[in-house]
Amino acid sequence: MSTEGNDPTAGEDATPDPTPDHAPTQPSATPERQADPTPPPPPPAEEYSAAAPRSSSPAAGFDFAAVPRSVWISAVGALILTFSVFFSWYTATASVSVPGGGSISRSASGSGWDSGDGAKLVFLLALVILVVWAIDLFADTITLPFPASIAALGLGALALLVVVIKFFSKPGGGGVTSLGGTVHFSVSVAWGLYLAILAAIAVFVGAYMHMNETSS
């Protein structure tokens, strides 16, 4: 009689394993902390330099070394001529004789501006000469009706004529005036008028030199 059907060990291999599978790993409830993003680098220096405003002044790109010497002579002479009007042009001296053979004298200086309309005309002529040279050098969009050298030559000659007249025609006649033999009054030329004459000569000579340079 066969006992295969009663074998308690029969079919053991077919019995499922009661041990459950390992549970799947649960994801972590705490999310991983991401690193802070790196700030973008600053723009290169070329961008700042390109965005920076550039100077549009005419003098910024002007080559002063290219200006002829004759123009410098005339323009600087005109500049000095404008200031010379406010310097001392005349010196008035008054002396009083006192008993015993002595005398008391006092002197006072007067500027060219206070000496009359002639000095004011010289100041105006010098300003016009400076404006003419400035237009010729810096204002490329402005065309003068005549060359700057001719204008400076004519105006400089007129200014020189006025200061020479002021040299010989001193206020009050320029002579020595005596009142009763006790008071003497005289007017002499001061250093400011000499400076004005030299400045007017420089304006004229510089303009004449430049006119010859441009015509040749």
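What follows is a chat about cores, a helix and aromatic pairs in a predicted model.

Modeller: Ground rules: local features need pLDDT of at least 70 and side-chain atom pairs count only at pLDDT 80 or more, while totals for chains, interfaces and linings use all residues. Residues are numbered from 1 along each chain as its sequence is written, and side-chain values use heavy atoms, with hydrogens and water left out.

Biologist: Leaving aside neighbours within four places in sequence, what is Val122 in contact with?

Modeller: Val122 is among the residues with the most contacts inside that core. Contact means heavy atoms within 4.5 Å. With those neighbours set aside, the partners are Leu81, Val85, Ala159, Val162 and Val163.

Biologist: How far apart are the end C-alpha atoms of H4?

Modeller: The expected span is 1.5 Å times one less than the number of residues. H4 has 21 residues, so it should span 30 Å, and the end C-alpha distance agrees: 30 Å.

Biologist: Is the pair of Phe86 and Trp113 stacked or edge-to-face?

Modeller: Rings of Phe, Tyr and Trp (its six-membered ring) pair if their centres lie within 6.5 Å; planes under 30 degrees apart are stacked, over 60 edge-to-face, the rest tilted. Phe86 sits in the loop between H2 and S1, and Trp113 in the loop between S2 (103–111) and H3. Their centres are 5.4 Å apart with 20 degrees between the planes, so the pair is stacked.

Biologist: Which residue puts its charged end over the ring of Trp113?

Modeller: The test wants NZ of Lys or CZ of Arg within 6 Å of the ring centre and within 35 degrees of the ring normal. Trp113 is partly exposed, at 30% relative accessible area. The charge lies 4.9 Å from the ring centre and belongs to Lys120.

Technical notes. A nonpolar core is a set of buried Ala, Val, Leu, Ile, Met, Phe, Trp, Tyr and Cys residues joined through side-chain atoms within 4.5 Å. Buried means under 20% relative accessible area, exposed over 50%, partly exposed in between (1.4 Å probe, protein chains only). Helices (H or I, at least four residues) and strands (E, at least two) are DSSP runs, numbered from the N terminus.
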